[in-house]
Amino acid sequence: MLTVTLLGEQSVVDPATEHIRTRSVRTVALLGLLVARTGAPQSRAAIAGSFWPDSGDAQALTNLRRELFTLRRLLGPDDDSLEVTSSHLCWHDRGRHRVDLSRFLAGCAAAGAADADEDVLRHGQAALALYGGDLLPGIDGEWLDEVRAELRTACTRLCDLVCEAALRSGRPEAAVEALRRRVTVEPYDEAAHRRLMEVQAGRGDRSGAIRTFHRLATLLERDLGVGPAPETLLALDQILGRGAPRTRRPGPGPAALVGRTDELDRLTRTWERAASGQAQALVVYGGAGVGKSRLVKELQAHARRSGAVVAVTRCFDTTGRLSLSPVADWLRTPAVRAARTRLDAAWRLEVDRLTPAAASAGEPEPAPSHDVWQRHRFFEGVARALLAVGRPTLLVLDDAQWCDPDTLSLCGFLLNLAPEAPLLLAVTARSDAEAAAGQVAAWASVLRTRGILTEVPLGPLDADRTAALARAVRGRPVSREEGTLLHEATGGFPLFVIEAARAAGEAPDATGARWHDILRRRLQLVSPAARETAGLAAALGRDFTLAVLVEASDLDADSVVLAVDELWRHRIVRELEDGYDFSHDLLRQAAYALVPPARRWLLHRRLAQSLELVQASGSDAVAAAQVAEQYRLAGNPGRALGYYLQAADATARVFAHAEALVLLDSALELLGSLPAGRSRDEQELRCLEASAPVMLALHGYTLPQLERTCERSVELAGLLGLPEQQVAAMVGLWSTVFVGGRLHEAYELATRAVALVRPGDRRFGQAHFAMAGSALHLGRPGPALEHFALAHDSMSDEALSFGTRARVHTTAWWAHAALACGQPDLARELAEAALTEARASGHQYSYVVARAYAAITHQLLGEPDACRTAAAEVTRLCDRMQFSYYGEWGRILEGWCLGGPDGVALARTGIETLERQRALVRMPYWLSLLAEILPDRAAADRTRARADAEARRTREDWQRPATAPR
């Protein structure tokens, strides 16, 4: 049995294993054609001619025989669903496979034949749930156009049938859902939109009716350059009632693109190069209001006309965000969302971390993880999902100067993963923003060196082009004097030219007008209710929904809906798929500036409470960050704190360590304003415990801030009488002190930890692990052996605070104690046992650690070939997974095995990197290895002297195997 999906996506999956059974586009297309014509024999010659029109008849039939062979093998030898003759092919629905197209057609037939409304709804709703979109998206062909049109017609008829049955049955919500599906299938059908508006209004959802109209008007204007028909405008006037403005179209339309011909040519040339199969990046720089987004919108329209997938997102200047939110927006694009089902189950699980699929929405969320190697895998899963559409794709990232670093990292990863994908990443960034000069510029420099970046700077328009733009907006000539005044007042920035032209019939006063004056004037044109609503929306700091505004506003629901409609008509806000946003961030700033400072805290408090209420039923991590930010701005740190921690946990699930640390730092900062006491201390300890692994993942063992965090955790856990947490913090602190080469201090910490635990305690093994490592490196291998054994025997499959599997790390290090006690056979046995357990666990980081310790074991045993093999693998894995610490072990050991100038250079690189990281433990050992391969005797002697001096300073003594236990 196979699960075959042909509507809205293409996949053939084994339901038992969730493995994809074929990736052949032609094979799936052949299956789709036959299923669409179930029971009707199809000519083999006609199929071959349709599929391979540019090939000769004989070659086309040969190609068909190849695909037919693949299809029959896919179905299995005993499958009678496919009838094959010498001249025809025919599909019969025997019920052997779950094919969405077959089930959709059967549902349409059953609903059409049903007499009772309940039966119409039962069959019709089930069929509509199967219609995920067009048949076989991403495949072209005249035969396919005909079948797609037939299926769209069947779907729209079914929507109408279900809608009327639902209304007769008193189920308007089902009617709305059917009509929403209908306008998705036929997005330019105004009559269907009007019917949806009427049904929404009839059930009291005026806000939904207005959003339907806004979505239609935006779509018609964007794609067809026209406005809604008079009948649609009249329908909306009737829904809104008396007192509503009679004109429902937006104000002056979007201005033509003026003065950007050369820049647009560069964008389209870059797109054509990318669409041909050369993944590219594009960055449009310029000041605020210079027209970056407007220029890229022209590119979006060009790409859509060519049949490409276009996914658009925007970044916001607020800490109330979640890392990778822009990427999540891309993944929610219908074409991308449909294509993700073609991924293997393992990759879909990674994507579900960021945007859970509907089927898994009720399952537990992935646990937070700080393993860098898992972050690499997560990135690959998300990248594969974005590439799965299989056709030219334009990803737009607007206002990237406010982008989180993890999104930029993933964008770079995506371009690197698929250099031959038909993909263009188009980014806009402010050149006058400090952030743009920092992280975006650094990100772009990497792409520049790879030769895949096109950079397009935008400057203001000159006086003539300013006048031309004003003329296009106003629809009438602009005198030279008006044009000069307008250029002086606006600086030639298109946003201000457009807003000034919309605000008044006369040019602004050039002697004093600035951008905020121009935008304030625009906002003063709307009603007081609309201005109040704009201020409330601006306080949110990002896109918004009507539900949140209605909940937070002083105005009644109808007044808020009318206010948003008014702001939309004046083009102050624009309609999005899930809500609204300001047309430009500068308009948001202007609207917020109109809110009296004394009132802002009230708006933020209401918005926080509204977000809690509106989104309480979901596990929206973005909402957690937004609520935290709103409560902070409202001066309520107690309420903000819990939401910051919730948002930080959510970022850990998507390996966004930098953003998690920002959120945790915000929480810690708020703690300073809370009254002293046990509750405050408990919350601080919780923040610190969450921060430590994030710091370690980001910066390694020796970050001073990590040490301070662990020290404070030890202190707080002691004050609160929490010995288990105190020992955990001590082991974390021990790791930073030990790796820094402060061995006696580390030994004292381990001694304190051991004194706090008893057999059976959760942290018993970890305390003895720390004691074992400290004793070994201070030249006491006998006690070390005992403590390693105690640690190993008391540990489960737990993780150490620094990310490795406890038993794997313990066993691998235990081998060095065995060698120091003169037990080489035991050392080999332990090293192999650690590797075996690491492989079985599937935990890549633990495997790297076990392999790194094994490389040292081989070196101490005098086995250079085995050492080199292990060290090279450690280096390779660490470079790929971005592990720095153990990668330097591999470089030093590989350099020792290699010898010569190349080996010396490799070992020196590893040693110098460890010194820069202040990771000084084992430094005498590393220096002694370097001394052995230095060709210059004097240099070798100096290096040995350095090693001896370092060993005397730290009293480190572990690497000389003994013949008997010491």
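Guide: Helix axes here are lines fitted to C-alpha atoms over the stretch in contact, and angles run from 0 to 180 degrees between N-to-C directions. Keep in mind that this is a predicted model.

Visitor: How are two packed helices described?

Guide: By the angle between their axes and the distance between the axes. Take helix H23, residues 528-540, and helix H25, residues 557-569. Their axes come within 8 Å and cross at roughly 90°.

Visitor: What makes H23 roughly perpendicular to H25?

Guide: The crossing angle is roughly 90°. Angles of 65 to 115 degrees count as roughly perpendicular. Therefore H23 is roughly perpendicular to H25.

Visitor: Which residues make the contact between H23 and H25?

Guide: H23 supplies Ala-529, Ala-530, Thr-533 and Ala-534. H25 supplies Val-560, Ala-563, Val-564, Glu-566 and Leu-567.

Visitor: How do the residues of that contact divide into nonpolar, polar and charged?

Guide: Seven are nonpolar, one is polar and one is charged. Ala, Val and Leu are among the residues that count as nonpolar. Glu counts as charged.

Visitor: Why is Ser-81 called buried?

Guide: Its relative accessible area is 1%. Buried means under 20%. So Ser-81 is buried.

Visitor: Where is Ser-81, and what is it in contact with?

Guide: Ser-81 sits in the loop between helix H3 (57-75) and strand S5 (82-84). Leaving aside neighbours within four places in sequence, Ser-81 is in contact with Cys-90, Trp-91, His-92, Arg-94, Arg-96 and His-97. Contact means heavy atoms within 4.5 Å.

Visitor: Why does Glu-177 count as partly exposed?

Guide: Glu-177 has 49% relative accessibility. Exposed means over 50%, and buried means under 20%. The value lies in between, so Glu-177 counts as partly exposed. This residue is found in helix H7, residues 172-185.

Visitor: How far apart are Glu-177 and Gly-95?

Guide: They are 82 residues apart in sequence. In space, they are 29 Å apart, C-alpha to C-alpha.

Visitor: How do you know that the radius of gyration of the protein chain agrees with a compact globule?

Guide: With 966 residues, a compact globule would have a radius near 30 Å. The protein chain has 33 Å, which agrees. Its C-alpha atoms fill a box of roughly 95 × 85 × 55 Å along the principal axes.

Visitor: What else describes the protein chain as a whole?

Guide: The protein chain has 44 helices and 14 strands. Buried residues make up 56% of the 966 residues. Among contacts with a separation of 6 or more, 68% join residues 24 or more positions apart. The chain exposes about 40000 Å², and carbon and sulfur atoms supply 50% of it.

Key
Residues numbered from 1 in each chain as written. Predicted model: local features only at pLDDT ≥ 70, side-chain atom pairs only at ≥ 80, totals over all residues. Heavy atoms only, no water. Helix = DSSP H or I, 4+ residues; strand = E, 2+ residues; numbered from the N terminus. Parallel < 35°, antiparallel > 145°, perpendicular 65-115°, else oblique. Rg over C-alpha atoms; globule rule 2.2 N^0.38 Å. Buried < 20%, exposed > 50% of the residue type's maximum accessible area, 1.4 Å probe, protein only. Areas by Shrake-Rupley, 256 points an atom, 1.4 Å probe, with all protein chains shown as cover.
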